[in-house]
Amino acid sequence: MIDRIDRQDSVVNRIIDGSITIDSVEEFKDLFKAFPNDPRLHRVFADRLLEEKSINAAEEYKTSAKLFLDAGMPLQAIACKIFEWRIIKPSKEDGLALHSALCECNPQNIEVQKFFTKLAYEEMIALMAKIVPHNYPVNAMLRKFGDEENELCFVISGALEETSYHRLEDDEKVKKKSKTNLIESDIFGEIYPFDEDKLSESDIESITRVELLKISKLKLTALCTEHPNLNLLMQNLCKLRFDANREMYSKTIRKATRHQLPMQVNLKIFQEQSGKPPLKLSGFTDDISLGGTCVVLGAKYQIGNISDLTGKNVKIQMNLPIESISFNILGIIVWGKEIPVEGKKTAIVGVQFKEINPVDRGILKGYCFGSEAEQNLIWSLWDSLMEK
Amino acid sequence: MKEGLNTENKSTPKILAIGGGKGGAGKSVFSTIMAFWLARMGHRTVLMDVDLGGANLHTLLGIKNPDRTLNDFITRKFNDLGDICIDTSEKNLRLISGASDVLSLANPHFSQKIKLMTHLSRLDADYVVLDLGAGTSFNVLDFFLIAHKKIIVLTPEPTSIQNAYIFVRNAVYRKLSRLSSKNPSLQALIKIAMDPKNILKIRTVKELFQFIEESDDTNIIEDLKKEIGDIHLGVVTNRVKNEKEENAGRIVQIVAEKYLTITSTNFGCVSYDSHIQKMVSDMVPLINLDQSSQAYGNIYEIATKLSKG
C-alpha cells in the first residue's frame with residue numbers, strides 16, 4: 001500500500017491545482033514515466049480523455065481509482081468509479097469487485113474515508129447511484145448564509161472557505177463569527193436531523209478549483225429510510241465532522257504548503273550523445289520542494305523544442321544566500337513547456353530530484369521551510385491568533 | 001557589505017526596502033502608494049524597481065514605456081543613477097524603472113550590484129523606496145539588508161506568513177554569512193546551523209551565538225550579536241479583511257524574535273480594497289485612486305510613522 005500520496009512534487013502539484021496545463025497525451029505519457037503511481041495525475045489525465053471523448057478515459061479512471069484505493073482514499077476512488085461507470089456500464093461483478101476492494105482498503109485516518117469502507121454492498125451501490133460529481137472554479141460562492149440546507153457535499157479535491165455567522169435574535173442581522181477551511185476529504189451540509197428544515201449559518205466559497213460529490217437531502221433521506229445501517233453511518237459521520245476532520249485540516253494544509261520564493265539556479269542538461277557538451281541554461285525556481293522543482297528559464301534559453309528536454313538528466317546548481325553554499329542536485333527533466341512571462345515567451349521545466357546528499361537536503365530544507373520547531377510555532381500561532 | 005548606509009551627510013537619502021518573499025503579497029502596490037504619500041508630505045522621493053527579474057512598477061504609475069531604465073545604468077549608458085530617474089505626474093516623486101528584457105537582469109554581477117548600491121546613497125532625494133522582487137536570492141537579500149528601514153509585506157494567508165518568515169530567516173543567515181566571510185571555520189559553522197536537523201543541535205540563532213561564544217577564541221561574537229541586533233524589521237499586513245487577520249504580521253514578529261533574535265515594529269495593516277486590484281488589472285495609475293480609500297489611509301499612517309521614525 002502507498003502510505004500517502006507524495007505531495008512533495010512541485011510539478012504534479014502545479015498540474016493538480018491547474019496552474020500548469022498539460023496539452024497533449026504525449027506530455028502525460030512523459031509525466032507518467034516520472035510519476036507512474038500518482039492517482040491525482042491519472043485522474044487529471046482521465047478527465048482530459050473524457051473531454052476528448054476518448055474511450056480510453058474509462059480505463060484511466062479505473063487506474064486512478066485503484067491507485068486512490070492503494071493510497072487509502074476511497075472517497076476519491078468512488079468519484080473515479082462514478083465516471084468510469086458512466087462510460088462503461090458496470091456488471092454486478094464490477095460492483096462486487098469494488099465493494100471487496102473498499103472492504104480491504106486501509107483508509108487514511110479520516111472519518112469520511114473510513115465511512116466508505118464500512119458500507120454494505122447494497123448501500124454502496126445505492127449511494128453511488130444518487131451522488132453526483134460537481135466542479136467549481138476558484139472564488140465560486142457555493143452557499144450563502146440563509147440558504148436552505150438541502151444537500152450533503154463531499155470534497156473530492158480543492159479547498160473552500162467557510163465563514164460562519166451569529167444569528168441575532170431581534171432581527172435578521174448577523175455578525176461574523178469565524179472562518180475555517182474545508183479541504184479534500186471534508187464534508188459540509190447541515191442536513192441532520194432529516195425532519196428539521198435548517199438554514200445555512202455560513203457562506204461557503206471556493207478558494208481553489210473544487211470537485212465535490214453531492215447528494216440531495218431528499219434522496220439521502222429516502223436512502224437512509226431504506227438502509228438503516230447507512231442512516232447510522234451517515235449520522236455518525238456528520239457528528240464527527242467537527243472534531244476529527246478539523247484536526248486533520250491544519251496537518252493537511254501543512255503538507256500542502258509550498259515554498260514559493262524564487263531562487264536563482266543554473267542548469268547543466270546532459271545530452272544523450274556522448275561527447276556532446278551539456279546544455280547550460282539559467283533561470284529561477286518557481287516552486288521548490290524536497291522532491292523536485294519547476295524552473296522558469298531565462299529569456300535567452302533558445303533551445304528549440306522545449307519538450308525535447310524531457311527525460312534528460314540535469315544538474316541543478318543552486319546558489320543559496322549563504323556565501324559558502326552553492327550545491328548541485330542531480331535530477332531528471334520530466335516535463336517542459338513554453339509559457340508567457342510578463343508578456344514575453346519563455347519556458348518552464350519540471351525537474352524531479354534524483355539524488356541529494358543528506359547534508360544538502362538538510363540545508364535545502366532549512367532554506368525552504370525553516371526548522372520543524374519554527375514551522376510548528378507559526379502554525380500554533382496561526383491556530384490561536386487567526387483561527388479561533 | 002555594511003548594513004545601513006552613512007546618514008551623516010544631510011543629502012544622503014533614507015532607504016526603505018519593501019520585501020517579503022512571495023510574489024502577489026502586494027509589495028509593488030504598497031511601495032507605490034508609500035512613495036506617493038512620502039512625496040505628498042513634501043519629501044523628495046525616488047521609487048526604485050529592484051524586481052530585477054520582472055519589473056513592472058512603471059505600469060502602476062501609468063508609464064507605458066520608460067525611456068530610461070536600470071539597464072541603461074548597468075550598461076553604462078548613463079553613469080549617474082540620478083540621470084535615469086523619470087519624473088512622474090506627482091510632484092516630488094520620481095521613478096527608477098527596472099523595465100528591461102524580462103529575466104535578463106535577474107542576476108547582475110557582483111560589481112554591478114555594488115555600483116548600484118553605492119549610487120543609491122548618492123541620489124539627490126530624501127527617501128528612496130526599493131520595491132524588491134519576489135524570492136530570497138542573495139541579490140534581493142543584499143538590497144534588503146542595506147536599507148535603513150527593512151519592511152516586509154505579507155498577507156493573512158499561511159503560505160504568505162511562512163514565506164515572509166523564511167525571507168527574514170534567510171536574510172539573517174545571509175548577513176551572518178557575510179560577516180563571517182573572512183573566517184572559514186565560522187562560515188562552515190553557519191552552514192551547519194542552516195540545516196534544521198544539524199548534528200550540533202543548533203536550532204536557533206541564539207544557540208548559534210552561544211556555540212560560537214564557547215568555541216571561538218576571537219571577539220567576533222560581539223560584532224555578530226550587534227550586527228544581527230541592528231536588523232530591525234518593520235512588518236505590514238496587507239489585504240486585511242477583518243480584525244483577526246490583523247494578527248498575521250504578529251506571527252512573523254513572534255517567531256523572528258524567538259528564533260532569530262531580531263526585533264521588529266508592527267507598522268499596522270492595509271485593508272483589502274477591491275478597487276486597487278481592479279486598477280492594477282486595468283493599468284490605471286495608482287496615484288489616481290480615490291483618497292478616501294481605506295487602504296490609502298492605512299498607508300498614509302504607515303508613511304507618517306516611517307517619516308517620523
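Strand S3(A) is mostly covered, with six of its seven residues buried. The strand belongs to a predicted model, in which chain A has twelve helices and 14 strands and chain B has twelve helices and eight strands.

**Overall composition**

- Of the 388 residues of chain A, 39% count as buried.
- In chain B, which has 309 residues, the buried share is 53%.
- Contacts between residues at least 6 apart in sequence join residues at least 24 apart in 67% of cases in chain A; the corresponding figure for chain B is 76%.

**The S1-S8-S3-S6 sheet of chain A**

- Four strands of chain A, in the order S1-S8-S3-S6, form an open sheet with antiparallel pairing.
- Strand S1 (132-136) and strand S6 (187-188) of chain A stand at the edges with a single partner strand each, so one side of each has no neighbour in the sheet.
- Strand S3 (residues 151-157) and strand S8 (residues 210-216) of chain A run antiparallel and are joined by six bridges.
- Within this pairing, A:Ser157 stands opposite A:Glu211 in S8(A), and A:Leu152 stands opposite A:Ile215 in S8(A).
- S3(A) also pairs with S6(A), in the antiparallel sense and over two bridges; here A:Cys153 stands opposite A:Phe188 in S6(A).
- The pairing of S3(A) with S8(A) comprises six bridges, and helix H9 (residues 217-226) of chain A packs on the sheet, touching S3 and S8 of chain A. The direction of H9(A) makes about 60° with that of S8(A).

**Helix H7 of chain B and its surroundings**

- Helix H7 (residues 184-194) of chain B has the buried residues B:Leu186, B:Gln187, B:Leu189, B:Ile190, B:Ala193 and B:Met194.
- Viewed down the axis of H7(B), the buried residues fall within an arc of 160°, so they line one face of the helix.
- The exposed residues B:Pro184, B:Ser185 and B:Ala188 lie on the face of H7(B) turned away from its buried side.
- The cover over the buried residues of H7(B) includes elements of both chains: helix H11 (358-369) of chain A, together with helix H6 (158-179), helix H8 (205-215) and helix H9 (220-229) of chain B.

**The largest nonpolar core and helix H6 of chain B**

- The largest nonpolar core has 189 residues, and those with the most contacts inside it are B:Leu130, B:Val168 and B:Val252.
- H6(B) gives the most to this core, contributing eleven residues.
- Leaving aside residues up to four places away in sequence, B:Val252 touches B:Ile152, B:Leu154, B:Ile161, B:Ala164, B:Tyr165, B:Val168 and B:Val235.
- Helix H5 (residues 138-146) of chain B packs with H6(B) at an angle of about 85°, and their axes are 10 Å apart.
- That angle makes H5(B) roughly perpendicular to H6(B).
- On the H5(B) side, the contact is made by B:Phe138, B:Leu141, B:Phe144 and B:Leu145; on the H6(B) side, by B:Asn170, B:Ala171, B:Arg174 and B:Lys175.

**Backbone geometry and loop residues**

- Most residues other than glycine have a negative phi, and most peptide bonds are trans.
- A:Ser185 is not a glycine, yet has a positive phi of about 75°. This residue is found in the loop between strand S5 (174-183) and S6 of chain A.
- A:Ser185 counts as buried because 22 C-beta neighbours lie inside 10 Å, the threshold being 20 or more.
- B:Thr261 likewise has a positive phi, of about 60°, although it is not a glycine. B:Thr261 is placed in the loop between helix H10 (248-260) and strand S8 (264-271) of chain B.
- With 18 other C-beta atoms within 10 Å, B:Thr261 is partly exposed.
- The peptide bond from A:Tyr192 to A:Pro193 is cis, with omega near -10°. A:Pro193 is found in the loop between S6 and strand S7 (202-206) of chain A.
- A:Pro262 lies in the loop between helix H10 (228-256) and strand S9 (264-269) of chain A, and counts as buried with 26 C-beta neighbours inside 10 Å.
- A:Pro262 and A:Asp286 are 24 residues apart in sequence, while their C-alpha atoms are 5.3 Å apart in space.

Definitions and conventions
Residues numbered from 1 in each chain as written. Chains lettered and ligands numbered in written order. Predicted model: local features only at pLDDT ≥ 70, side-chain atom pairs only at ≥ 80, totals over all residues. Buried ≥ 20, exposed ≤ 12 C-beta atoms within 10 Å, placed from the backbone. Contact = placed C-beta atoms within 7 Å. Arc of directions from axis to C-beta. Pairing = 2+ DSSP bridges. Axes fitted to C-alpha atoms, helices over the stretch in contact; angles between N-to-C directions. Core = buried A, V, L, I, M, F, W, Y, C linked by C-beta atoms within 7 Å. Parallel < 35°, antiparallel > 145°, perpendicular 65-115°, else oblique.
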